Amino acid sequence: MTFDTEWAGLKQQAAAGADMRLASAAPADGGGGGGNGDLKSDQAVWNRASKDLGGLSTSIKTGVGALEAGQKGAAMTGVESATAQAELYQSWKTYLENLSGKCTALRGPLEKAGQGQYENDEAIRGGFHQIDGNYKDTPATGGSDGGR
């Protein structure tokens, strides 16, 4: 099965309201949210997600450091395509810094949900929607028309 075929199937399941949950997000004790599509709170799951995002943000920052070190090394070796390489470096650096920032920003709503600070599911959604204005996903490869 190709990725495109599998992705299309997952999108169809999501549109049909099928219960889809990441296996890695479920705690070892079998706890988890409800299966009816609502954001049923399980504090252990919310807290684990927040902690995992913190680790991901740290790993991304480490990667940016390695990217910067590689950039300095490439500039010193007299690479003929230095301009193109510098542009590629800057685009990846910007992307990774934004991704790290989004991970950090997502931790707030996750922690609040894990601590039961939201009154209901709508308040949880609102906490995450506030982040949407600051962080947009990058466009698909090939531009806005999907490469056509």
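**Salt bridges, aromatic pairs and the nonpolar core**

Five salt bridges are present in the structure, each defined as a side-chain nitrogen of Lys or Arg within 4 Å of a carboxyl oxygen of Asp or Glu. The model is predicted: local features need pLDDT of at least 70, side-chain atom pairs count only at pLDDT 80 or more, and totals for chains, interfaces and linings use all residues. Residues are numbered from 1 along each chain as its sequence is written, and side-chain values use heavy atoms, with hydrogens and water left out.

Side chains of opposite charge can pair when their charged atoms come close. One of the salt bridges joins D52 and R48, at 3.0 Å from N to O. D52 and R48 are four residues apart in helix α2, so about one helical turn separates them. Helices are DSSP runs (H or I, at least four residues), numbered from the N terminus. D52 has a relative accessibility of 37% and counts as partly exposed. R48 is also partly exposed, at 48%. Here, buried means under 20% relative accessible area, exposed over 50%, and partly exposed in between (1.4 Å probe, protein chains only).

A second bridge pairs K93 with E68, at 3.4 Å from N to O. K93 lies in helix α3 and E68 in helix α2, so this pair ties together parts 25 residues apart in sequence. K93 is buried, at 18% relative accessibility. E68 is partly exposed, at 27%. E68 and K93 also belong to a salt-bridge network with E97.

R107 and E111 form a further bridge, their closest N and O atoms being 3.5 Å apart. These residues are four places apart in helix α3, so they are separated by about one helical turn. R107 is partly exposed at 28% relative accessibility. E111 is likewise partly exposed, with 32%.

Two aromatic pairs occur in the structure. Rings of Phe, Tyr and Trp (its six-membered ring) pair if their centres lie within 6.5 Å; planes under 30 degrees apart count as stacked, over 60 as edge-to-face and the rest as tilted. W46 and F128 are stacked, with 6.0 Å between centres and 25° between planes. This pair links distant parts of the chain, 82 residues apart: W46 is in helix α2 and F128 in helix α4 (residues 121-132). W46 is buried, with a relative accessible area of 12%. The ring centres of W92 and Y95 lie 5.8 Å apart and their planes meet at 85°, so this pair is edge-to-face. Both residues are in helix α3 (residues 82-114), three residues apart, or about one turn. W92 is partly exposed at 45% relative accessible area. Y95 is partly exposed at 38%.

The largest nonpolar core has twelve residues, including W46, L53, L96, C103, Y118 and I131. Such a core is a set of buried Ala, Val, Leu, Ile, Met, Phe, Trp, Tyr and Cys residues joined through side-chain atoms within 4.5 Å. Helices α2, α3 and α4 each give two or more residues to this core. The largest share, five residues, comes from α3.

Contacts (heavy atoms within 4.5 Å) were examined for two residues. Not counting residues up to four places away in sequence, Y118 touches P109, K112, A113, A123, I124 and G127. S57 is in helix α2 (residues 43-76). S57 is buried, with a relative accessible area of 5%. Leaving aside neighbours within four places in sequence, S57 contacts S100, C103 and T104.
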